[in-house]
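Subject: Structure handover

Hello,

Here is the structure for your files. My notes on what was found in it follow below.

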Amino acid sequence: MTSRPLLLLLLLGITACPDGGSAVLTSSESALDFGEVVLGEELTLSVSILNAGGGTAQVQQPRLEGSDAFELVDRTWPVELTGEGSIVLQVTYRPGALGSDGGTLTVDAEGPVLVTGGGCAGSSEEVAALDPITIDLVGNGVQASGTDAD
């Protein structure tokens, strides 16, 4: 009869706690470099925000800080980003003066995270703020070739 309790202990030892699906956000780029853009012209670049986890994330409207030369292309916010899903953000650079411009694009979201409190019975999912994603923005306004700077 001792083999039965031993078997029971072995089965309990390999039982795994289920992960209900935490949301994990990443970005395809850590920076967007617009290079040189002629005054009066614009350039739009894209960055993908990916949910590498299994839970659904609620992505809030990103914040642009820094130079006014950068603009986020409109879309409706918040965006629900399912597990393994992605969205594409577009940023336009329109230099207003000669020289360098810089800024940051910050993406905030909320989603399910697994909170473990000791064993399967102590695990639960809670909606919490996810780590923000920060993307550096750089660009350089230049004069069109063949024109004189004033």
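Which residues touch the most other members of the largest nonpolar core? They are L25, I49, V59, I87, L89, V91 and L105, out of 26 residues in that core. A nonpolar core here is a set of buried Ala, Val, Leu, Ile, Met, Phe, Trp, Tyr and Cys residues joined through side-chain atoms within 4.5 Å. Buried means under 20% relative accessible area, exposed over 50%, and partly exposed in between (1.4 Å probe, protein chains only).

Before the details, the conditions. This is a predicted model, in which local features need pLDDT of at least 70 and side-chain atom pairs count only at pLDDT 80 or more, while totals for chains, interfaces and linings use all residues. Residues are numbered from 1 along each chain as its sequence is written, and side-chain values use heavy atoms, with hydrogens and water left out.

Confidence

The chain has an average pLDDT (the predictor's confidence in each residue, from 0 to 100) of 81, and 75% of the residues reach at least 70. Residues 1-19 stay under 50 in pLDDT, and the model gives them 7 contacts beyond four places in sequence; contact means heavy atoms within 4.5 Å. Residues 117-123 are also below 50, with 12 contacts beyond near neighbours in sequence.

Overall layout

There are 1 helix and 12 strands, taken as DSSP runs (helices H or I, at least four residues; strands E, at least two) and numbered from the N terminus. Along the sequence the order is α-β-β-β-β-β-β-β-β-β-β-β-β. Of the contacts with a separation of 6 or more, 71% are between residues 24 or more positions apart. Of the 150 residues, 30% count as buried.

β8 supplies the largest share, 4 residues. For I49, the contacts outside four places in sequence include T26, S27, L81, I87, L89, V107, I133 and I135.

Aromatic rings

The structure holds 3 aromatic pairs. Rings of Phe, Tyr and Trp (its six-membered ring) pair if their centres lie within 6.5 Å; planes under 30 degrees apart count as stacked, over 60 as edge-to-face and the rest as tilted. F34 and F70 are a tilted pair because their ring centres are 5.6 Å apart and their planes are at 50°. F34 is in strand β2 (residues 31-38) and F70 in strand β6 (residues 70-72), so this pair ties together parts 36 residues apart in sequence. F34 is buried at 4% relative accessibility, and F70 is buried at 6%.

F34 also forms a tilted pair with Y93, at 5.6 Å centre to centre and 45° between the planes. This pair links F34 in β2 with Y93 in β8 (residues 86-93), 59 residues apart. Y93 has 0% relative accessibility and counts as buried. Through these ring pairs F34, F70 and Y93 form a cluster.

Other items

- The charged end of R75 sits over the ring of W77, 5.5 Å from its centre; the test is NZ of Lys or CZ of Arg within 6 Å of the ring centre and within 35 degrees of the ring normal.
- G99, in strand β9 (residues 99-107), is partly exposed at 26% relative accessibility.
- Beyond four places in sequence, G99 touches Y93, G139, N140 and G141.

Regards
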